[in-house]
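Here is a protein chain to look at.

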Amino acid sequence: MIYGTYSCQATCEDPNGQSGCNSDSVGSEGCTCPAGFLMQGSDCINASECGCFVTEANLVIPNGQTYVNDDCTQNCSCNNNQVICEDYTCGTNAVCNVRNEVRQCYCNAGYEGDGETCESLYTDCQDVYDAGQRQDGVYTIMPTGWPGLPFDVNCKMENGGGWIVFQRRTDGSTSFYQNWAAYKAGFGDNRNLWLGNEKLHYLTNQRNYKLRFDITTSSGSAKYAEYPEFQIDSESSNYTMNKLADRSSGNTGLFGVWSLLYLIGLS
């Protein structure tokens, strides 16, 4: 810093110094940055160390970072104090927005991608299976008409594939004596879970589904039962199970059970 007449102090964030102007101090004497240097915090550093200055936005992009303009039509990046700007366009199913202080193209609800390209999320585990996934696991889905955010489900890919796990009980660590709100929203973990009545309603009303029970008895035998129709009504009807056709296949009743898995899949 040098001693001299104080003027509008330029900073790395504001190279023109407009935000650093203080009419009470302009013209007075004090310590300031010399020509070619800008304030960063309480220090003066060479302007070239600040990053890249974007004239139209009147800001400096730190090295290694990017800046997207107000209407998301241009994306500028700073590397080695050189700014490179490229055309930038939001995809058909995306919107230009600021989230967590970052402006960019974001995919609309029900879609995923980088904002420039957005693809529809899976609506159920059958979509996951049809996309070529054969590994059991957790996948993100967005049922047709679902008013909330996409959510995760456990998908089982054997026995024809595309099964959504909506109830699993493997031990007594999770209580299933829950209230209406809990059963509506869902509860539990990977070992013991209830997906949620509201999710089940939207899931089972977007296509025709069947119900499957996979059971391990207290003696260790594996049993199952399948029903070709399954549908859950809305909360206004108390989530009534308004479809459950006669069992079409299986080798069990529901007695002597210590491990129980309910799944739904396309009928």
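The questions and answers that follow concern a predicted model.

Q: What makes up the secondary structure of the chain?
A: The chain has three helices and 23 strands. A run counts as a helix with at least four residues and as a strand with at least two.

Q: How much of the chain is buried?
A: Of the 267 residues, 39% are buried. The label requires a relative accessible area under 20%.

Q: Why is Lys156 called buried?
A: The cut-off for buried is under 20%. Lys156 has a relative accessible area of 19%, so Lys156 is buried.

Q: Why is Glu158 called partly exposed?
A: Partly exposed covers the range between the buried limit of 20% and the exposed limit of 50%. Glu158 has a relative accessible area of 34%, so the label is partly exposed.

Q: How do you know that Glu158 and Lys156 form a salt bridge?
A: A salt bridge needs a side-chain nitrogen of Lys or Arg within 4 Å of a carboxyl oxygen of Asp or Glu. The closest N and O atoms of Glu158 and Lys156 are 3.5 Å apart, and the pair counts as a salt bridge. The structure holds 10 salt bridges.

Q: What makes Glu226 and Lys210 a salt bridge, and where do the two residues lie?
A: The closest N and O atoms are 3.9 Å apart, and the limit is 4 Å. Glu226 is buried at 11% relative accessibility, whereas Lys210 is partly exposed at 24%. Both belong to a network of salt bridges that also links Arg212 and Asp214.

Q: Why does the salt bridge of Arg191 and Asp171 count as one?
A: The N to O distance is 2.9 Å. The definition asks for within 4 Å, so the pair qualifies. Arg191 sits in the loop between β17 and β18, and Asp171 in the loop between β16 and α2, 20 residues apart. Arg191 is partly exposed at 48% relative accessibility, and Asp171 is partly exposed at 30%.

Q: How do you know that Cys125 and Cys155 form a disulfide?
A: Their sulfur atoms are 2.0 Å apart. The limit is 2.5 Å, so the pair passes. A search of the whole structure finds six disulfides.

Q: Why is the disulfide of Cys125 and Cys155 called left-handed?
A: The torsion about its S-S bond is about -80°, so the disulfide is left-handed. Cys125 lies in helix α1 and Cys155 in strand β15, so the link ties together parts 30 residues apart in sequence. Cys125 is buried at 0% relative accessibility, and Cys155 is buried at 1%.

Q: What makes Cys90 and Cys105 a disulfide, and is each cysteine buried or partly exposed?
A: The S to S distance is 2.0 Å, against a limit of 2.5 Å. Cys90 is partly exposed at 22% relative accessibility, while Cys105 is buried at 1%.

Q: What makes a set of residues the largest nonpolar core, and which members touch the most others?
A: Such a core consists of buried nonpolar residues of listed types, joined through side-chain atoms within 4.5 Å. The largest one has 28 residues, and Val153, Cys155 and Phe166 touch the most other members. Strand β20 gives the most to this core, with four residues. Val153 touches residues including Cys125, Tyr139 and Leu195.

Q: What makes the phi of Cys72 worth a remark, and is Cys72 buried or exposed?
A: Phi is positive, about 55°, although Cys72 is not a glycine. Cys72 lies in the loop between β7 and β8. Its relative accessible area is 2%, so Cys72 is buried.

Q: Why is Asn238 called exposed?
A: The label exposed needs over 50%. Asn238 has 55% relative accessibility, so it counts as exposed. Asn238 is in the loop between β20 and β21.

Methods:
Residues are numbered from 1 along each chain as its sequence is written. This is a predicted model: local features need pLDDT of at least 70, side-chain atom pairs count only at pLDDT 80 or more; totals for chains, interfaces and linings use all residues. Side-chain values use heavy atoms; hydrogens and water are left out. Buried means under 20% relative accessible area, exposed over 50%, partly exposed in between (1.4 Å probe, protein chains only). Contact means heavy atoms within 4.5 Å. Lists of a residue's contacts leave out its neighbours within four places in sequence.
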